[in-house]
Amino acid sequence: MSMPDTAVHHLDFWLRTIRETVNKAMEELESKSPIDASKVREQSSFKWEGHTDARRVSPIGIPVIIVGTKYDVFGLIESEQKKWM
């Protein structure tokens, strides 16, 4: 996160990419097994049922964990120092 001004842009890009990939997989599952596809959709929307933000949220369909680090700065550190981190 040495360039925090780009974090939201990159996060948006990767979340869109994940959403597109999951949607393609769901379409494929829908064509092969509609019952399983509906179960997956129910499970992802069930978590938001009754939540105040339920109308504003469109679940991706899989759990996503977002971690922000300064890995680009970590890569510039000498390897001997990395051993101790």
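**Exercise 1. Is Lys32 buried, partly exposed or exposed, and which residue does its side chain pair with?**

Step 1. Lys32 has a relative accessibility of 64%. Exposed means over 50%, so Lys32 counts as exposed. This is a predicted model, and the values are computed from it.

Step 2. Look for the partner. Lys32 forms a salt bridge with Glu28. The closest N and O atoms are 3.4 Å apart, and the cut-off is 4 Å.

Step 3. Glu28 and Lys32 are four residues apart in helix α1, so about one helical turn separates them.

Step 4. Check the partner. Glu28 has 46% relative accessibility and therefore counts as partly exposed.

**Exercise 2. Find the salt bridge between Arg16 and Asp12, and work out how the two residues are placed in the helix.**

Step 1. The N to O distance between the side chains of Arg16 and Asp12 is 3.0 Å.

Step 2. Both residues belong to helix α1, which spans residues 7-32. They are four residues apart, so the separation is about one helical turn.

Step 3. Arg16 is exposed, at 53% relative accessible area. Asp12 is partly exposed, at 36%.

Step 4. The structure holds four salt bridges, among them Arg16 with Asp12.

**Exercise 3. Which helices does the salt bridge between Glu30 and Arg41 tie together?**

Step 1. The side chains of Glu30 and Arg41 meet at 2.8 Å, N to O.

Step 2. Glu30 sits in helix α1 and Arg41 in helix α2, so the bridge ties together parts 11 residues apart in sequence.

Step 3. Classify the ends. Glu30 is partly exposed at 32% relative accessibility. Arg41 is partly exposed too, at 42%.

**Exercise 4. How many aromatic pairs does the whole structure contain, and what is the geometry?**

Step 1. A search of the whole structure gives one aromatic pair.

Step 2. The pair is Phe13 and Trp14, with ring centres 4.9 Å apart. Their planes stand at 80°. Over 60 degrees counts as edge-to-face, so this pair is edge-to-face.

Step 3. Phe13 has 43% relative accessibility, so Phe13 counts as partly exposed.

**Exercise 5. Which residues form the nonpolar surface patch, and where is Ile62 found?**

Step 1. The patch consists of Leu11, Ile62, Val64 and Ile66. Together they have about 320 Å² of accessible area.

Step 2. Ile62 lies in the loop between α2 (34-46) and α3 (71-74).

Step 3. At 43% relative accessibility, Ile62 is partly exposed. A patch residue needs over 30%, so Ile62 passes that cut-off.

Note on methods
Residues numbered from 1 in each chain as written. Predicted model: local features only at pLDDT ≥ 70, side-chain atom pairs only at ≥ 80, totals over all residues. Heavy atoms only, no water. Patch = residues over 30% accessible without salt bridge, like charges linked within 9 Å, V, L, I, M, F, W, Y side chains within 5 Å. Areas by Shrake-Rupley, 256 points an atom, 1.4 Å probe, with all protein chains shown as cover. Buried < 20%, exposed > 50% of the residue type's maximum accessible area, 1.4 Å probe, protein only. Phe/Tyr/Trp six-rings, centres within 6.5 Å; stacked < 30°, edge-to-face > 60°.
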